[in-house]
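Work through the exercises below with the sequence and the structure side by side. Try each task on your own before you read its solution.

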Amino acid sequence: MLDIYKYNKSAPPSIHDVIQATLKWHFSEETGSPFWLEKRTSLPFNPLHDIQTLQDLDEFPDYTEEMKRIPVEKLIPKGMHTLDWGFEVFESGGTTGSPQKIVDMLSRKKALEWVFQELNDQSVFENCTGHWLHVGPTGPHIVGRSIGRMATYLSKLCYYIDFDPRWVKKCSKNGEFNVVKAYIQHLLEQVSTVLETQNIEVLFATPALLEAMSNNEKLSSLIQKKIKVIIWAGTSIDEGTLDALETFIFPEARFIGLYGNTLMGIAPQRQKFKDDPKACVFQTLHPFSMVQLVDKENHRVLTPYNTYGQVKLTLFSPELFIPSRLERDQALRVAPVGSYTWDGVADVRPMENVKEKIFEGVY
């Protein structure tokens, strides 16, 4: 598994080889994790022999809730202990309940190198000589670490303005919108201070915060004068709002979107093609991070291209194996194009049946 977990865009490993390497790694006594070795004894099939295709992974039960509660060391494969210790624990935002925990050592760093190369190939950071500002979660959330690492790749500093997405979601859920408004104002004041005093040219923020910044005359003016690249991620955004931000409010900045979460990693916005159905199309780290868009009633059937389906995530990495997990999001399935030989996804947003039950807040 350690040998196959690398990416060559012109000649990626086959999905069959990745599946077999992953199952052998996570379910073999020599290299497997305590969690998956325990599950192997109760599964009605032998994962080392009976699982051959991506579709076969649907045979696995959904262990989502159980994986949230177990001690995270049970997720660490024995094979990872042959390397020097460097594990870190990260958590999801907990939008739909208890947060999901993951343990990572090398996979996210390698995946981020691919993300950075994708953006570099699009000349996203060309002519950027200033530093970076991350306005978003840090702490147990991996997104802050990821943005900071990308700044480091360019030998730039990354400034951080942290916020707690769980607190904001809790306030929203309880109808305490005045508290949310005050919290956002607290964040904007900090952004103003950094932009006024530091050489910042790359800004990471969520769509909700970007909208709030656009409505603040002083801050909006600072962004228009200083920021060359705006990276957005976290909450969903409609095409009209994105177009307004990109075309009319901050027209001097290059906008780039990131789609992802703690489990799947980051899917960067790909280069734009003439026939793209949406302005922003994301590509995952195929075939290690697989996002399939499936029929909302029959989760074994892919939705047709240019139609919406529920997100089904499968992850193959040395630290973590996630088979066929249904997400709370829906998205548009986009056909492969150019050098992208795998599906893209666009217009990611909450499923209709959970929209009223979740509170995205500012992240």
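**Exercise 1.** Determine how the axes of α7 and α8 are oriented where these helices meet, and which residues make the contact.

*Solution.* Begin with the axes, keeping in mind that this is a predicted model: those of α7 and helix α8 (residues 207-214) come within 11 Å and cross at roughly 70°. Because angles of 65 to 115 degrees count as roughly perpendicular, α7 is roughly perpendicular to α8. Next, list the residues in contact, which are I184, L187, L188 and V191 on the α7 side, and L209, A212 and M213 on the α8 side. Finally, sort them by class, and you find seven nonpolar residues, with no polar and no charged ones.

**Exercise 2.** Describe the largest nonpolar core and the surroundings of F60.

*Solution.* The largest nonpolar core has 109 residues, and F60 and M213 are those with the most contacts inside it. Ask then which helix gives the most to this core: it is α7 (residues 177-197), with eight residues. Now turn to F60 and leave aside its neighbours within four places in sequence; its contacts include L23, F27, W36, F321 and P323.

**Exercise 3.** Work out the strand order of the open sheet of five strands, and find its edges.

*Solution.* The order is β9-β13-β12-β11-β10, and the pairing is antiparallel. The edge strands are β9 (281-282) and β10 (289-294), each of which pairs on one side only.

Notes
Residues are numbered from 1 along each chain as its sequence is written. This is a predicted model: local features need pLDDT of at least 70, side-chain atom pairs count only at pLDDT 80 or more; totals for chains, interfaces and linings use all residues. Side-chain values use heavy atoms; hydrogens and water are left out. Two strands pair if DSSP finds at least two bridges between them. Helices (H or I, at least four residues) and strands (E, at least two) are DSSP runs, numbered from the N terminus. A nonpolar core is a set of buried Ala, Val, Leu, Ile, Met, Phe, Trp, Tyr and Cys residues joined through side-chain atoms within 4.5 Å. Buried means under 20% relative accessible area, exposed over 50%, partly exposed in between (1.4 Å probe, protein chains only). Contact means heavy atoms within 4.5 Å. Axes are lines fitted to C-alpha atoms, for helices over the stretch in contact, and angles run from 0 to 180 degrees between N-to-C directions. Angles under 35 degrees count as roughly parallel, over 145 as roughly antiparallel, 65 to 115 as roughly perpendicular and the rest as oblique. Ala, Val, Leu, Ile, Met, Phe, Trp, Tyr, Cys and Pro count as nonpolar, Asp, Glu, Lys and Arg as charged, and the others, Gly among them, as polar.
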